[in-house]
Amino acid sequence: MHLTSIDLLFWAMSFIEDVVLLSVMVLRGRFRAFPIFTSLVALNIMRTIVLFVIRQHDARAAYFYTFWLLAVVDVGLQFGIVYELGSKIFRPLGEWAPDIKGRLLAWVIVSILSTSLLTLIPRPSSSFWMQGLILKGSFFSAALMSELFVGMIALSAVAGLSWSSHLAKIAIGLTLYSVGTLVLETVNTCLGLGGGGRIYEDLSRLRIAVYLGCVAYWIIALWRNAPPVRKMPDHVRQQASAISQAVKIRVETLRQSGEP
Amino acid sequence: MSPNLLFLSLACLLIAFILAVGIYYALRLRASTSTEWEALLGKLIAIDRNGVDAVALDAIEPSGQRRTDKLARELDPDEVWKLLGGLDGVKRLESNSRILVEMAAYLQRSYPEAAAVAEDLRLQAKELELHVGRLRMADEQGSIEFHIATYAQNAAVAYYLMEQRLQVLCRRANVQTFRPLQGTR
């Protein structure tokens, strides 16, 4: 379990950045709007501390199982964040938008099925069956997360649903991290743990570098205030009301004309 | 082809697809967020008012009541289609529907207090887009003559009524008249 100086540097930087991000979430009150995202940041801090303590005791088996157990929790929370963000975008009035519900569900099902099929194909080189499972599981979660985030972006653009400032910042960071991880996990899955696992370790470092960049982005973006809420000018309010009523009449007529 | 090579090829395709879709729609969202209300109003395409009026008044009274006299709905489908501007006219309606969706997004984004109005407008505009899209698809499939009678004239009636309603509302609210729905073409 040899750690190079760059591993220690990344470890320390991850810990510091996560603590700063958690402080921003708490001090700026963002945790109220994004509790699952805040939980993920807290989990990362806890994981760093726990794994560091285990490593000090040189307990390899404990380290392995703790690492992957917490990785599963991490992935669970990431899917929780997809729900957290999706429920804010696609429930503008507190209920799922009726024109979106079906398409969103279809996208989730198609993503799960296509990613599952893709994950069944490779035969990554590994010494134990569990290593192969871990490689495939990592690819599956990275691919599915990327598909879900991109699907949310596409569906919201098509439906004309906008994103609040901080929500957009969290989603951008997570999308970039997911797609970056997907690229790295694709290489990992193809190459497996051959070559003494050196390529795997190098790619893991690259993944941490991407994560550090995303956390730095979140610290700045979430510290800043969202653009101030404007009071709706009277003329915009009147025009919106007029358009809304006019379209209602037109839709009703078209609806009637389509009836048998 | 070995399983790993097949996997690599498919995974590369997936990554390319995710990047293309993500970038395209992210840019679309970004462009949408930088557009102001007045610009959106300006993007609405004018409708041929005379043509729409002629088609609408063939079926309804100027007051909006359905005509029940013997001369009601005497325009044949070809005339209706021609007066509405054919496929181009329908495309203009469809284009306006998309802009209405953008207007809803603008309201939702800029004025949280208007969330209910914005969602109402968005849902109506999406439904309108659906109906007009069906008419356009019928034309593409060569079956438009079977649908003009049911969709096109009613669309004109609806547009006419909408225009009347808007003018009253604009006068009452003392705001700039809603240009595209007045029809300047």
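Reply: A nonpolar core is a set of buried Ala, Val, Leu, Ile, Met, Phe, Trp, Tyr and Cys residues joined through C-beta atoms within 7 Å. A residue is buried if 20 or more other C-beta atoms lie within 10 Å of its own, exposed if 12 or fewer, and partly exposed in between, with the C-beta atoms placed from the backbone. This is a predicted model, in which local features need pLDDT of at least 70 and side-chain atom pairs count only at pLDDT 80 or more, while totals for chains, interfaces and linings use all residues. Residues are numbered from 1 along each chain as its sequence is written, and chains are lettered from A and ligands numbered from 1 in the order in which they are written.

Me: Which residues touch the most other members of the largest nonpolar core?
Reply: The largest nonpolar core has 62 residues, and helix α5 of chain A gives the most to it, with 14 residues. Domain 1 (1-34) and domain 2 (36-182) of chain B both give residues to this core, so it lies between them; the domain bounds come from an automatic or database domain assignment. The members that touch the most others are A:F149, B:A104 and B:L121.

Me: Which residues does B:A104 touch, not counting residues up to four places away in sequence?
Reply: Two residues are in contact if their C-beta atoms, placed from the backbone, lie within 7 Å. With residues up to four places away in sequence left out, B:A104 touches A:G160, B:A118, B:L121, B:R122 and B:A125.

Me: How far apart are the end C-alpha atoms of helix α5 of chain A?
Reply: Helices (H or I, at least four residues) and strands (E, at least two) are DSSP runs, numbered from the N terminus, and the expected span of a helix is 1.5 Å times one less than its number of residues. Helix α5 of chain A covers residues 129-159, and its 31 residues should span 45 Å. Just after this helix, A:G160 takes a positive phi of about 80°.

Me: Which residue follows helix α6 of chain A?
Reply: Helix α6 of chain A (residues 165-191) has 27 residues and reaches 39 Å from its first C-alpha to its last, close to the 39 Å expected. The residue that follows this helix has a positive phi, near 65°, and is A:G192.

Me: What covers the buried residues of helix α4 of chain A?
Reply: Helix α4 of chain A (residues 98-120) reaches 35 Å over its 23 residues, close to the 33 Å expected. Its buried residues are A:I100, A:L104, A:T115, A:L118 and A:T119. What covers them includes α5 of chain A together with α1 of chain B.

Me: Is A:T38 buried or exposed?
Reply: A:T38 is found in helix α2 (residues 35-56) of chain A, and, leaving aside neighbours within four places in sequence, A:T38 is in contact with A:M25 and A:F31. Because 20 other C-beta atoms lie within 10 Å, A:T38 is buried.

Me: Is A:R60 buried or exposed?
Reply: A:R60 is found in helix α3 (residues 60-89) of chain A. Because 11 other C-beta atoms lie within 10 Å, A:R60 is exposed.

Me: How many helices are there in chain B?
Reply: Of the 185 residues of chain B, 33% count as buried, and among its contacts between residues at least 6 apart in sequence, 69% join residues at least 24 apart. Chain B has zero strands, and its helices number eight.

Me: Which element of chain A has the lowest mean pLDDT?
Reply: pLDDT is the predictor's confidence in each residue, from 0 to 100. The mean for chain A is 86, and 89% of its residues reach 70 or more. Among the elements of chain A, helix α1 (residues 5-27) has the highest mean, 93, and the lowest, 64, belongs to helix α8 (residues 234-258).

Me: Where is confidence lowest in chain B?
Reply: Chain B averages a pLDDT of 74, with 74% of the residues scoring at least 70, and confidence is highest in helix α1 (residues 3-33) of chain B, at 91. Over residues 177-185 of chain B the pLDDT is below 50, although this stretch has 28 contacts in the model beyond near neighbours in sequence. Where pLDDT is low, the predicted coordinates should not be read in detail. Confidence in chain B is lowest, at a mean of 46, in helix α8 (residues 179-182).
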